[in-house]
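Take a walk through this model with the structure open beside the text.

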Amino acid sequence: MRKFILSLLPVFLLAACGKNVITMEPKSGYTLILQTRGPVLGYTSAPILTVDGYAFKDLNRNGGLDVYEDWRKDAKTRARDLASQLTLEEICGLMLYSSAVDANDTVLDDKARRLLADDHIRHMLVRNVASPAIGAGWSNAVQAFCESARLGIPSNNSTDPRNYSNGTTNINNYKPEQDGEFDPAGESDISKWPRELGLAATFDMDVIRTHGEVVSAEYRALGITTALSPQVDIATDPRWRRFYGTFGEDPALSRDMARTYCEAFQNTPGSKAGWGSQSVNCMVKHWPGGGSGEGGRDAHFGIGKYAVYPGNNFEQGLIPFVDGAFALPGKTRMASAVMPYYTISYGQDPSGQNVGNGFSKYIIQDLLRDKYQYEGVVCTDWGIVKDYNVPWEHKGTPWGAETLSGPERRLLCFEAGVDQLGGAKDNAVSMAAYELWSKKYGEESARARFELSATRILVNIFHVGLFENPYVSPENAAAVVGCREFVAAGYEAQLKSIVLLKNAGGMLPLNRKMRVYEPLRHVPAGLSHWQKPTPSYDEYPISKKLLGRYFEVVDTPEEADVALVSIKSPVGHWGFVMPDEKYPEGHYNPISLQWEPYTATNARAHSIAGGDPHESSANRSYRGFTETSSNSTDALLVQTTKAVMGDKPVIVMVAMERPFVPAEIEPWADALLVSCGVSSNALLDILSGVAEPYGLLPCQLPAHMETVEAQCEDVPRDMECYRDAQGHVYDFAFGMDWKGVINDTRVKRYK
């Protein structure tokens, strides 16, 4: 498998025998040691040793070559040696994973310095990056700081997915469509791809492999060595807010995509061990699957803390992990880290314990470690050891451990088999948890347990070559990240991800001479998923300037040959209504997949799970309550546009974050397309025939909300699907091209 070249360094051919030639190459802020029979070493302050004709970094500055400094030894041997030298404070620091930090300068701010120095953290979650060059310079500043510390342990910088065409790239000065335009043949601050659900819509492992190779190359150029991805939860409940971040609802498709994704990220071609300077660790999430929250609610909040299994289908949710991310075809063997989800896997622990997955010995030790022999790092989701006040607040998520103290929660995590605490700091609290372990099991047991986690964590840092060279070239980052080749690859994936659901009379593709009308889209004020007020706004989703590059743009329906209507899938709320005079504790509410108001007359009278220390009732039923989506105006826009267009065709494009009920829009659409995080250029290239539709539905589209209520939260593909006016059923793996319904090898393999 090919990986993209990351570095502008000269390439040395290694002879089968002969003397190791060592040369020095000064860089801006760091120095490289090049050797013909050994790895490149990058350093700022550590002395360089020469042993047996090879160069090594003396990271602990003791004048000798320690086992952990010897790059000729395997990662596990080196990690064990280093772990044995760590103080308790240093071990506890390794077992923490920072909250988000910003790479907005090439010097460290006070927050980053405190995390590195006071808490001994060596895992930094990077959020905003001012530019590729600044991101690389910031990473170098972090690594120079770490190298100057007692043992010179480098930082394993990480990121959530950031390569999306819909603007969530976390590159500060990047605008996905400046004035509505995006040049798919040009350069950018980072390559832009569809969301994970869009990648899934390609049903194409070559696309996933290329995505992994490109994005991991960009990450390494930025100094990022761990991806907090892929998210391989089977999206078994269509209402789940994080549906868009999955590979859909099919276990087999998610399995194959997880395996291909992790292999592409982690493998360094030509490396004996598979790992190397082009590798990026994958932290696969969320074990054992987070897509079965009762009522589709989100476990970031106490109102969504319970995952339920009315279909008795817990085991199927493990498939993308056990048979996918943990069964890689290459030498890296398995995803190097795994993140349990926030949820309580209700009723699954034979002991009867119901605690969040990050606190559960059954979920982590008994299943993940013992039954499935997982060897990598287990890192909790962010904030599970923090406090919260009320179940509708997004703060801490200590589900099932709400009444415990901070040290007691951390102890429970460590007893369960957790290695790292996501989004946690306060090293002293972890040291207090160590003391609790010592009192309970003995000092020798405590040291062994914490050292075991330190070893696992260090193995991942050794695997990606950071102890040899953690430094990256800002000039190289500027040249590699968002280069033409990478942007083109991402754009090709965007095109392949778009799904054509309806093409009445074969009206698509459109002639470029056609006169096109785009109605103004209005979205009323409301609340975001995080319960923050959102203002009303009006927009033309596709700018007239961009639309004019493809068609003749007109201002009225009367002038037009065809109308283009761009909308979003229903933005259902979070399944809860805040307290008011009538409901002092608030009340649970349905999460709707339709635009128009929905009343849950057929919901469960009594919830399967429920209860919180701040709730007086354990029944979380929402039967009889009504939900109206924030963008209810979108369905009305389709209907009114068809009314004013009369017999002239209307094309509807839905930006889909999760499944929706098409009944409110399909009868008024002559052509219907769905996309998952693509640029307007990609949509217009499909409409104008520059490219042909290729995507397939990675999920079912329900016939109505009654089938959504009747489906089991833990069972995939168990809804009655919508049938359109042409008799086509919008089921998993359905899609059309210009010739009609697609029935290729992808459909035959997965349908």
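**Charged pairs, cavities and backbone**

Asp-237 is buried, because its relative accessible area is 0%. This is a predicted model. The partner of Asp-237 is Arg-239: a salt bridge joins them, with 2.8 Å between the closest N and O atoms. Arg-239 is buried too, since its relative accessible area of 2% is under 20%. Side chains of opposite charge can pair when their charged atoms come close.

The pair does not stand alone. Asp-237 and Arg-239 belong to a network of salt bridges that also links Glu-294, Arg-604, Glu-709 and Glu-713. In total, the structure holds 40 salt bridges.

Another of these bridges connects Asp-298 with Arg-241, and here the closest N and O atoms are 3.2 Å apart. This pair links distant parts of the chain, 57 residues apart. Asp-298 sits in the loop between E11 and strand E12 (306-307), and Arg-241 sits in the loop between E10 and H7. Both Asp-298 and Arg-241 are buried.

How does burial compare between the two? Asp-256 is buried, because its relative accessible area is 5%. Arg-259 is partly exposed, because its value is 25%.

Now turn to the cavities. The structure holds nine cavities of 30 Å³ or more.

The backbone has some details to inspect. Which peptide bonds are cis? One joins Ser-229 and Pro-230, with omega at about 5 degrees. Pro-230 lies in the loop between strand E10 (226-227) and helix H7 (251-266). Another runs from Lys-285 to His-286, where omega is near 5 degrees. His-286 lies within strand E11 (residues 281-287).

Two aspartates have positive phi. Phi of Asp-52 is near 55 degrees. Asp-52 is placed in the loop between strand E4 (48-51) and strand E5 (54-57). Asp-52 counts as exposed, because its relative accessible area is 60%. Asp-426 has a phi of about 55 degrees, although it is not a glycine. Asp-426 is in the loop between strand E16 (421-422) and helix H11 (427-441). At 41% relative accessibility, Asp-426 is partly exposed.

The last stop is a sheet. Three strands form an open, antiparallel sheet in the order E1-E2-E3. Strand E1 (22-26) and strand E3 (41-43) are the edge strands, each pairing on one side only. Neighbouring strands are turned by 20 degrees against each other on average, direction ignored. Strand E2 (residues 31-35) pairs with E3 over three bridges. To find one of the contacts, look at Thr-31: its bridge partner in E3 is Tyr-43.

Key. Residues numbered from 1 in each chain as written. Predicted model: local features only at pLDDT ≥ 70, side-chain atom pairs only at ≥ 80, totals over all residues. Heavy atoms only, no water. 1 Å grid on protein atoms, 1.4 Å probe; cavity = no way out; pocket = protein on both sides within 12 Å on 5 of 7 lines; lining within 4 Å. Points joined across faces, edges and corners; volume = space filled by probe spheres on them. Helix = DSSP H or I, 4+ residues; strand = E, 2+ residues; numbered from the N terminus. Buried < 20%, exposed > 50% of the residue type's maximum accessible area, 1.4 Å probe, protein only. Pairing = 2+ DSSP bridges. Axes fitted to C-alpha atoms, helices over the stretch in contact; angles between N-to-C directions. Salt bridge = Lys/Arg side-chain N within 4 Å of Asp/Glu carboxyl O.
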